[in-house]
Amino acid sequence: MHIRLINPNTTASMTGKIGAAAARVAGAGTRISATNPEAGPVSVESHFDEAISAVGVLEEIRRGEREGCDAYIIACFGDPGLLAARELTRAPVLGIAEAAFHLATLIATRFSVVTTLGRTCIIAEHLLQNYGFAHHCRRVRAAEIPVLELEDDGACALGRIIDECRRARDEDGIGAIVLGCGGMADLTAEIRDAVGLPIVEGVTAAVKLAESLVSLGLGTSKYGDLAFPRPKRFTGRFDYLGN
């Protein structure tokens with residue numbers, strides 16, 4: 001089984017880190033290949049960043065289709081380009097936010113999300129509403145950490161995430177915490193040990209769900225709105241996307 005893990009930002013060190021986290025939980029017969037777009041934002045922290053990064057995600061899906069990938073994971077908590085990516089393939093495509101929300105509801109009746117910047121809390125709240133998980137989530141919290149601080153100063157960032165997770169544990173009346181950034185993929189065990197609650201991290205959650213879907217023979221439906229896009233011509237710098 002070949003799972004293509006797509007980091008929507010262009011920071012290669014983060015791609016390597018989340019790829020390693022995914023490989024640690026993958027089954028013996030699963031190959032993880034981690035990639036990122038050649039162009040786009042170095043981190044995804046806004047609606048604008050998500051819109052630009054989505055084009056790179058779709059390019060990586062097209063490349064994966066030529067290579068015969070069995071499943072795809074979009075490793076950014078905003079799940080940028082998720083539905084468009086599903087249109088391009090019969091393989092399962094998972095966003096790490098949706099995957100994490102699903103697993104959190106299987107182990108706790110209420111959870112909170114701890115993410116990076118305050119402005120991204122609103123994006124996570126929109127996803128909770130769209131995916132139907134808003135009534136399971138007590139609160140979306142921010143540790144006020146720019147995403148790239150997870151690369152530049154992991155120890156300081158880890159302490160601030162743990163502090164926010166402890167506040168969630170003590171104040172929110174929850175049973176589990178969802179980590180709201182793919183860049184936190186390597187911090188799960190340390191946070192769990194420090195906080196004492198189940199910690200759900202989306203990259204690793206998505207790997208196990210992707211393996212399950214592939215092993216069950218379940219792929220993206222090509223009926224309705226997730227059918228392949230209708231052939232048409234694209235103009236200007238997007239002419240290469242036409243067919």
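Tutor: A crossing is called right-handed if the near helix is turned clockwise from the far one by less than a right angle, and left-handed if anticlockwise. Please keep in mind throughout that this is a predicted model.

Student: Is α1 roughly parallel, roughly antiparallel, roughly perpendicular or oblique to α9?

Tutor: The angle between α1 and α9 is about 45°. Angles under 35 degrees count as roughly parallel, over 145 as roughly antiparallel and 65 to 115 as roughly perpendicular, with the rest called oblique. The angle falls in that remaining class, and therefore α1 is, relative to α9, oblique.

Student: How many residues of the contact of α1 with α9 are nonpolar?

Tutor: From α1 the contact takes Ile-18, Ala-21, Ala-22 and Val-25, which meet Val-203, Thr-204, Val-207 and Lys-208 of α9. One residue of this contact is polar and one is charged, while the number of nonpolar residues is six.

Student: Turning to the packing of helix α4 with helix α5, what is the angle between them?

Tutor: Helix α4 spans residues 96-107 and helix α5 spans residues 118-131, with 11 Å between their axes. Their crossing is right-handed, and the angle at which the two helices pack is about 65°.

Student: Which residues of α4 and α5 make this contact?

Tutor: By class, the contact of α4 with α5 holds five nonpolar residues, no polar residues and one charged residue. The α5 side supplies Leu-127, Leu-128 and Tyr-131, and the α4 side supplies Ala-97, Glu-98 and Phe-101.

Student: Leaving aside its neighbours within four places in sequence, which residues is Ile-107 in contact with?

Tutor: Ile-107 belongs to helix α4. Its C-alpha atom is separated by 9.6 Å from that of Val-200, a residue 93 residues apart from Ile-107 along the chain. With neighbours within four places set aside, the contacts of Ile-107 are Ala-176, Pro-198 and Val-200.

Student: Which helix provides the largest share of the lining of the largest cavity?

Tutor: The count of cavities of 30 Å³ or more comes to one, and the volume of the largest cavity is about 220 Å³. Among its 22 lining residues, Val-44, Cys-76, Phe-77, Gly-78 and Gly-180 are the closest to the centre. The lining as a whole divides into 10 nonpolar, 10 polar and two charged residues, and its largest share, three residues, comes from α5.

Student: Which helix gives the most to the lining of the largest pocket?

Tutor: The largest pocket contains about 340 Å³ of space, and of its 16 lining residues Arg-62, Leu-88, Pro-229, Phe-234 and Leu-241 are the closest to its centre. Both α2 (47-67) and α3 (82-87) supply at least two residues of this lining. The helix that gives the most, with four residues, is α2.

Student: How many charged residues are in the lining of the second largest pocket?

Tutor: About 280 Å³ of space lies in the second largest pocket, whose 16 lining residues include Ala-39, Val-55, Gly-56, Glu-59 and Tyr-240 as those nearest its centre. The lining has seven nonpolar and two polar residues, and the number of charged residues is seven.

Terms used. Residues are numbered from 1 along each chain as its sequence is written. This is a predicted model: local features need pLDDT of at least 70, side-chain atom pairs count only at pLDDT 80 or more; totals for chains, interfaces and linings use all residues. Side-chain values use heavy atoms; hydrogens and water are left out. Axes are lines fitted to C-alpha atoms, for helices over the stretch in contact, and angles run from 0 to 180 degrees between N-to-C directions. Contact means heavy atoms within 4.5 Å. Ala, Val, Leu, Ile, Met, Phe, Trp, Tyr, Cys and Pro count as nonpolar, Asp, Glu, Lys and Arg as charged, and the others, Gly among them, as polar. On a 1 Å grid over the protein atoms alone, a cavity is a set of points where a 1.4 Å probe fits but cannot get out, and a pocket is an open set with protein on both sides within 12 Å along at least five of seven lines; lining residues have an atom within 4 Å of a point. Grid points are joined across faces, edges and corners, and a volume is the space filled by probe spheres set on the points.
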